[in-house]
Amino acid sequence: MIHFENVGLRYGMGPEVLRDLSFDIPKKSFQFLTGPSGAGKTTLMRLLFMSLKPTRGLIRMFDRDISVIPGDELPLLRRRIGIVFQDFRLLDHMTTYENVALPLRVRGKEEASYRSDVVELLKWVGLGERINVLPPVLSGGEKQRVAIARALIDQPEVLLADEPTGNVDPPMAQRLLNLFIELNRLGTAVVIATHDLSLMDRVDARRMILSEGHLDIYD
Ligand SMILES: Nc1ncnc2c1ncn2[C@@H]1O[C@H](COP(=O)(O)OP(=O)(O)OP(=O)(O)O)[C@@H](O)[C@H]1O
């Protein structure tokens with residue numbers, strides 16, 4: 001479903017941050033992406049979300065070579081991907097509920113068809129009492145859970161989550177991990193970038209380890 005071949009990335013005239021990355025993300029797979037700070041995890045997530053273009057190599061997303069996809073088709077392809085950014089990127093003028101419901105609204109779904117699903121998911125991530133508040137009054141951990149709920153609600157084909165448990169306590173991290181596992185069971189390919197070894201030790205999943213721009217994969 002996703003295919004990288006000899007991909008390299010440099011920012012501007014700087015050194016190559018990622019070098020010769022070749023791998024596949026199969027449909028319905030589950031993987032952790034890890035490596036030391038500055039190794040390029042966020043950069044790789046941005047390549048996977050097609051918000052950065054590689055400086056060399058080939059990337060195929062959903063069987064299409066991204067170098068020849070017209071810019072106006074990218075939003076449609078990105079809708080097949082759920083993403084949790086490290087800085088959450090919630091819309092501050094919309095309530096928690098509205099932020100999570102947004103991907104469904106964009107698809108033109110009727111509110112009556114999804115309202116109870118959104119409320120149930122928000123309760124599951126411990127935000128049942130925060131449904132009608134605006135993001136600026138939420139804590140970092142609460143914002144993170146809203147971002148996760150928004151990425152999951154539409155059961156995307158791919159879920160990309162950058163440090164999704166970075167701001168929550170261990171029991172909530174376990175709960176969120178269970179949510180990712182359940183989503184994967186329903187058919188979503190999951191990529192979780194994390195430093196959290198204890199999180200990775202709880203799942204027998206593929207590990208993609210970035211180090212100094214190189215990638216090693218342990219199946
Ligand atoms: N916009 C940018 N312009 C120039 N250099 C950048 C940019 N973004 C990242 N870098 C550099 O690319 C390298 C990889 O950064 P990246 O954020 O991808 O690492 P990371 O593994 O996600 O780190 P962390 O775990 O600390 O979040 C770093 O050396 C960083 O300084």
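Residues are numbered from 1 along each chain as its sequence is written. As the model is predicted, local features need pLDDT of at least 70 and side-chain atom pairs count only at pLDDT 80 or more, while totals for chains, interfaces and linings use all residues.

Helices (H or I, at least four residues) and strands (E, at least two) are DSSP runs, numbered from the N terminus. In helix 1, the buried residues are Lys41, Leu44, Met45, Leu47 and Leu48; buried denotes 20 or more other C-beta atoms within 10 Å of the residue's own, these atoms being placed from the backbone. They cover an arc of only 160 degrees around the axis, so they lie on the same side of helix 1; the arc is that of the directions from the helix axis to the C-beta atoms. After helix 1 comes Met50, with a positive phi near 65 degrees.

I turn to the strands. Strand 3 (residues 30–34) pairs with strand 9 (residues 206–211) in the parallel sense over 4 bridges, pairing requiring at least two DSSP bridges between the strands. Thr34 has Ile209 of strand 9 as its bridge partner. Strand 9 also pairs with strand 10 (residues 214–218), in the antiparallel sense and over 5 bridges, and there Leu210 stands opposite Leu215. In the hairpin of strands 9 and 10, with 2 residues between them, Glu212 takes a positive phi near 45 degrees.

Finally, the core. The largest nonpolar core has 50 residues, of which Ile148 and Leu160 touch the most other members. Such a core is a set of buried Ala, Val, Leu, Ile, Met, Phe, Trp, Tyr and Cys residues joined through C-beta atoms within 7 Å. Helix 5 gives the most to this core, with 6 residues.

Conventions: Buried ≥ 20, exposed ≤ 12 C-beta atoms within 10 Å, placed from the backbone.
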